[in-house]
Amino acid sequence: MAVWRGSAYAGFLALAVGCVFLLEPQLPGSALRSLWSSLQLGPAPAPPGPGSPEGRLAAAWDALIVRPARRWRRVAVGVNACVDVVLSGVKLLQALGLNPGNGKDHTELRSRNDLKEAFIHFMGKGAAAERFFSDKETFHNIAQIASEFPGAQHYVGGNAALIGQKFAANSDLKVLLCGPVGPKLHELLDDNVFVPPESLQEVDEFHLILEYQAGEEWGQLKAPHANRFIFSHDLSNGAMNMLEVFVSSLEEFQPDLVVLSGLHMMEGQSKEFQRKRLLEVMTAISDIPTGIPVHLELASMTNRELMSSIVHQVFSAVTSLGLNEQELLFLSQSASGPHSSLSSWTGVPDVGMVSDILFWILKEHGKSESRASDLTRIHFHTLAYHILATVDGHWANQLAAVAAGARVAGTQACATETIDTRRVSLKAPREFMTSRSADGSRVMLNPNEPVVEWHREGVSFHFTPVLVCKDPVRTVGLGDAISAEGLFYSEVHPH
């Protein structure tokens with residue numbers, strides 16, 4: 001009985017301390033921890049403030065993130081742009097009269113049922129995906145319902161437009177955007193984004209972004225992470241119609257950085273069209289004056305042949321790449337790279353495996369003494385962490401760049417100006433191997449020194465965890481914001 005009473009007293013005291021935490025958050029932390037310890041209940045849980053791992057990590061980032069000595073002045077971005085219609089995926093499917101069922105991936109959507117099955121497939125994994133909807137009439141019917149749906153929001157969309165918009169937030173940068181810009185998109189763009197008249201068109205291209213939250217349920221389905229499923233019937237971007245306008249605008253604009261995206265939009269086109277257009281992309285890139293770095297932003301793809309062609313034809317012509325974990329693994333599978341037998345990532349992608357694939361890309365397709373390639377940099381991002389891999393001797397300030405990219409992932413997802421430590425959590429592995437195929441070293445994560453650096457045969461790696469937003473306001477465009485921020489803080493060595 002005495003034991004029971006002791007437990008009960010401890011329980012009541014613990015409850016009282018909890019109330020003190022709640023009602024008097026301004027009390028000194030030392031007083032609260034002392035009170036907790038006197039109950040012999042173990043160490044007090046660290047409040048999500050400056051002393052927490054999240055708080056220490058955010059403070060360390062702020063000290064590390066400095067602008068480079070040589071900064072970009074004029075950035076040209078192309079060629080995919082659209083209007084994103086963002087809404088709840090489950091609510092839209094319900095509005096379309098669809099019921100939950102079994103998930104199934106479709107490389108191309110032809111019907112409402114295909115849409116439902118593909119959405120369920122990816123929501124069940126908590127993974128992002130993007131698909132082409134081939135039936136024009138059905139798509140426009142769904143798009144109208146989505147656009148008029150209560151709570152649906154309209155945003156700047158398309159990798160190029162989103163990257164341009166992010167760069168335009170810096171008033172000392174001049175930004176050129178080439179892409180199919182309709183009236184709604186033009187209205188949404190920052191005043192600092194210049195769109196050449198040849199890029200303007202009478203009708204907007206709409207992309208539907210079906211979002212879901214972590215833990216959201218539909219029938220038997222439960223999402224492990226917050227993410228989104230994107231689909232469109234987008235012919236202007238699918239044909240990369242603005243590529244020639246983009247290249248012809250560069251001579252007058254004279255950028256010191258070019259960002260190219262939209263190659264994934266060609267998936268809805270015939271093989272012959274893809275082959276011909278890729279050759280034209282190569283010609284366009286070769287027309288960009290020597291010495292101007294070109295960053296290629298990848299996006300979700302399902303066509304292995306197209307991805308393989310991009311790897312073998314385009315990679316050597318660009319200076320920098322941006323991609324996520326889905327694109328990285330698909331790239332390796334398409335071009336017979338390391339760990340390509342893995343069908344998909346399970347949970348947080350293994351750091352050593354990711355590092356091996358990044359190393360392979362730069363060793364097989366990057367700049368070297370024996371290869372005429374311009375590729376020297378890859379910015380990889382996944383929910384829990386980011387890695388910047390660079391060929392030595394070509395880039396500076398990458399420690400700040402990777403930290404800046406990770407910081408913006410936390411602020412943009414939570415829609416806050418700075419990291420709010422109460423709304424984010426550290427999901428990166430606390431220890432990891434730097435390689436799975438070579439003699440990798442074991443690394444222990446330290447929030448006070450959040451950027452980990454290692455080297456392998458002339459390639460430098462900078463790793464940092466992400467402070468993941470617990471309740472994200474918006475997940476779309478995070479990858480584009482990460483790449484833009486990483487580039488903004490990067491400095492390329494002139495050669």
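## Worked exercises on a predicted model

The buried residues of helix H3 are Glu54, Gly55, Leu57, Ala58, Ala60 and Trp61. Keep in mind that this is a predicted model.

**Exercise 1.** Work out what span the twelve residues of helix H3 should have at 1.5 Å a residue, and compare it with the distance between the end C-alpha atoms.

*Solution.* 
- Step 1: Helix H3 covers residues 53-64.
- Step 2: The expected span is 1.5 Å times one less than the number of residues, so for the twelve residues of H3 it should come to 16 Å.
- Step 3: The end C-alpha atoms of H3 are 16 Å apart, which agrees with that expectation.
- Step 4: Now see what the buried residues of H3 pack against: helix H15 (398-414) and the strands E18 (424-426), E22 (459-465) and E23 (467-469).

**Exercise 2.** Find the order of the six strands in the open sheet and name its edge strands.

*Solution.* 
- Step 1: Reading across the open sheet gives E3-E4-E11-E8-E2-E5, with mixed pairing.
- Step 2: Strand E3 (108-109) and strand E5 (153-157) each pair on one side only, which makes them the edge strands.
- Step 3: Inside that order, E2 (residues 82-88) and E8 (residues 206-212) run parallel and share six bridges. Aspartate 84, for instance, has histidine 207 in E8 as its bridge partner.

**Exercise 3.** Describe how helices H6 and H7 are placed on the sheet.

*Solution.* 
- Step 1: Helix H6 (residues 136-147) lies across E2, E4 (129-133), E5, E8 and E11 (227-232). The angle between H6 and E8 is about 60°.
- Step 2: Helix H7 (residues 159-168) also packs on the sheet, where it touches E2 and E5. The direction of H7 makes about 85° with that of E5.

**Exercise 4.** Is valine 311 buried or exposed, and which residues is it in contact with beyond four places in sequence?

*Solution.* 
- Step 1: Locate valine 311 in helix H12 (residues 304-314). At the start of H12, the backbone nitrogen of glutamate 305 has a side-chain oxygen of asparagine 303 within 3.0 Å.
- Step 2: The relative accessible area of valine 311 is 1%, so this residue is buried. Other buried residues of H12 include Leu306, Met307 and Ile310.
- Step 3: Beyond its neighbours within four places, valine 311 is in contact with Leu331, Ala335 and His365. Leucine 331 is 20 residues away in sequence, yet the C-alpha to C-alpha distance is 7.6 Å.
- Step 4: Widen the view to the helix: the buried residues of H12 pack against H11 (271-286), E13 (294-297), H13 (325-334) and H14 (351-365).

Technical notes. Residues numbered from 1 in each chain as written. Predicted model: local features only at pLDDT ≥ 70, side-chain atom pairs only at ≥ 80, totals over all residues. Heavy atoms only, no water. Helix = DSSP H or I, 4+ residues; strand = E, 2+ residues; numbered from the N terminus. Buried < 20%, exposed > 50% of the residue type's maximum accessible area, 1.4 Å probe, protein only. Contact = heavy atoms within 4.5 Å. Pairing = 2+ DSSP bridges. Axes fitted to C-alpha atoms, helices over the stretch in contact; angles between N-to-C directions. Polar contact = N/O pair within 3.5 Å; in protein donor to acceptor, adjacent residues only side chain to side chain.
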